[in-house]
Amino acid sequence: MKEILRIFLCVCIFSLGLFYKASAVKTKFAFQQDTTKFTATLFDENQVPLRGVTVKVKRTGSTSVSNRDGIFSISAQKDDLLLLSLNAKKFFEYKVLSLTENTIVVNSKM
């Protein structure tokens, strides 16, 4: 009887371990599927590239900085809010409507 109980407990513990591992993998996969690399070029209203702009995804806190050509890349999802800043005091908010967009025009009074 003790042997049967021991086998039953081992099978239950093993089954719980498989269930836990499967749900952890499913959650991780779902998150990875939604996030992708978002690349864009920042311009002012005169079509001059904006360099040195800090770009932050509000949801995750991920940051990037635009290069001398105004280009930046960052991990983002559709509908994420990007915070763009030339200095720590002034921010411009931009909502990612499509991950294929590649140009953002920023007001020069930023």
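Modeller: Leaving aside neighbours within four places in sequence, phenylalanine 38 is in contact (heavy atoms within 4.5 Å) with residues including Phe72, Leu82, Tyr94 and Ile104. This is a predicted model, where local features need pLDDT of at least 70 and side-chain atom pairs count only at pLDDT 80 or more, while totals for chains, interfaces and linings use all residues. Residues are numbered from 1 along each chain as its sequence is written, and side-chain values use heavy atoms, with hydrogens and water left out.

Biologist: Why does phenylalanine 38 count as buried?

Modeller: Buried means under 20% relative accessible area, exposed over 50% and partly exposed in between (1.4 Å probe, protein chains only). Phenylalanine 38 has 0% relative accessibility, so it counts as buried. Phenylalanine 72, at 2%, is buried too.

Biologist: What makes the pair of phenylalanine 38 and phenylalanine 72 tilted?

Modeller: Rings of Phe, Tyr and Trp (its six-membered ring) pair if their centres lie within 6.5 Å; planes under 30 degrees apart count as stacked, over 60 as edge-to-face and the rest as tilted. Here the centres are 6.2 Å apart and the planes at 55 degrees, so the pair is tilted. The two residues are 34 residues apart in the chain.

Biologist: How do you know that arginine 59 forms a salt bridge with aspartate 80?

Modeller: That takes a side-chain nitrogen of Lys or Arg within 4 Å of a carboxyl oxygen of Asp or Glu. For arginine 59 and aspartate 80, the closest N and O atoms are 2.8 Å apart, so the pair meets the 4 Å rule. Arginine 59 is partly exposed at 41%, whereas aspartate 80 is buried at 5%.

Definitions and conventions. Helix = DSSP H or I, 4+ residues; strand = E, 2+ residues; numbered from the N terminus.
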